[in-house]
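Open the model in your viewer and keep the selection panel at hand.

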Amino acid sequence: MTTAPFGARLAAAMSAYGPLCVGIDPHASLLQAWGLPDDAEGLRRFSLTVMEAVTGHVAAVKPQAAFFERHGSRGLAVLEEVVAAGRETGTLVVVDAKRGDIGSTMGAYAEAFLRDGSPLAGDALTVSPYLGFGSLTPAVDLALASGRGLFVLCLTSNPEGHEVQHARTATAEDTAGGPSVAAVMAAHAAALNADATPMGSIGLVVGATVGDAAARTGTDLAAVNGPLLAPGVGAQGAGATELTAVFGSARSQVLASSSRGVLRAGPDVAALRAAALEASQEAASALR
Ligand SMILES: O=C(O)c1cc(=O)[nH]c(=O)n1[C@@H]1O[C@H](COP(=O)(O)O)[C@@H](O)[C@H]1O
């Protein structure tokens with residue numbers, strides 16, 4: 001394996017371009033607003049326009065798989081084109097597919113999204129650990145072996161996440177409840193990233209909208225030593241103030257993510273690029 005680890009590649013991209021990931025979420029309403037048909041060709045023009053506008057200007061892009069899957073196999077072919085365009089331009093691609101399953105099936109998801117030569121394999125994948133962090137082992141192993149990364153859901157940006165993520169884990173001896181689910185997920189990531197420089201490749205998803213949830217759940221974000229993907233910026237209401245407040249001493253690890261907040265500026269390439277650069281600068285000053 002000659003590729004540098006994802007954590008090192010992302011750290012370099014963030015220092016070159018700033019801490020912003022532009023989400024590629026081709027909602028039907030956005031296709032309409034851009035004057036595009038709600039079909040695979042509209043999806044393709046939308047996605048490649050975003051790539052043209054932001055590659056080489058921001059650290060990463062994050063295509064959301066659901067918006068491609070809703071167009072069937074032709075939509076997935078467009079996702080493959082986005083992945084290929086990222087590879088050609090050197091812009092990191094986080095495939096946001098939030099996969100999670102029992103280990104034996106997780107192995108197949110890992111081969112789809114993290115294996116060299118797979119057309120859907122970007123630089124990192126979002127994964128869901130709610131079948132137990134250990135169920136993600138095939139993805140962890142393949143990501144680390146291939147220079148890719150993972151973003152493991154930890155404290156998500158949506159208002160419903162707390163009922164699972166803030167819950168206290170129980171053991172046979174400690175029925176009163178142990179550490180929170182979020183803290184356990186963060187501790188697993190920290191263990192996998194131990195000793196990595198400048199940071200490890202097993203990141204977490206922590207929404208910019210979660211307020212003081214890390215403190216309330218005892219989740220030590222600074223100790224993760226890995227990237228913290230922070231969606232919720234822009235359309236979900238978080239901005240610079242929230243980024244600073246949520247991440248505190250972990251802010252140098254944060255990759256802020258905005259989809260609709262940037263995409264609404266399209267379809268003009270220059271306007272999209274300007275919106276991305278503005279969001280990137282705002283995130284950079286909040287996270288300095
Ligand atoms: O993993 C994600 O990216 C993610 C996690 C999370 O906690 N919240 C969240 O909004 N996301 C994704 O981030 C994007 C947010 O889009 P906007 O609200 O338009 O910026 C969507 O693609 C979500 O699926």
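**Stop one: a helix pair**

Select α3 and α5 first: α3 passes α5 in a right-handed crossing. The model is predicted. In the selection, α3 covers residues 40–54 and α5 covers residues 72–89. Their axes come within 9 Å and cross at roughly 15°. Angles under 35 degrees count as roughly parallel, and α3 and α5 are therefore roughly parallel to each other.

Now show side chains at the contact. From α3, pick Ala40, Leu43, Arg44, Ser47, Leu48 and Met51. From α5, pick Arg74, Gly75, Val78, Glu81, Val82 and Ala85. Coloured by class, this contact of α3 with α5 shows 7 nonpolar, 2 polar and 3 charged residues.

**Stop three: a loop residue**

Select Pro159, in the loop that runs between β5 (149–155) and α8 (162–165). Is Pro159 buried or exposed? A residue with 12 or fewer other C-beta atoms within 10 Å counts as exposed; Pro159 has 11, so Pro159 is exposed.

To finish, draw a C-alpha to C-alpha distance from Pro159 to Ala11: the two are 30 Å apart in space and 148 residues apart in sequence.

Definitions and conventions:
Residues numbered from 1 in each chain as written. Predicted model: local features only at pLDDT ≥ 70, side-chain atom pairs only at ≥ 80, totals over all residues. Helix = DSSP H or I, 4+ residues; strand = E, 2+ residues; numbered from the N terminus. Buried ≥ 20, exposed ≤ 12 C-beta atoms within 10 Å, placed from the backbone. Axes fitted to C-alpha atoms, helices over the stretch in contact; angles between N-to-C directions. Parallel < 35°, antiparallel > 145°, perpendicular 65-115°, else oblique. Left-handed = near helix turned anticlockwise from the far one by under 90°. Contact = placed C-beta atoms within 7 Å. Nonpolar A, V, L, I, M, F, W, Y, C, P; charged D, E, K, R; others polar.
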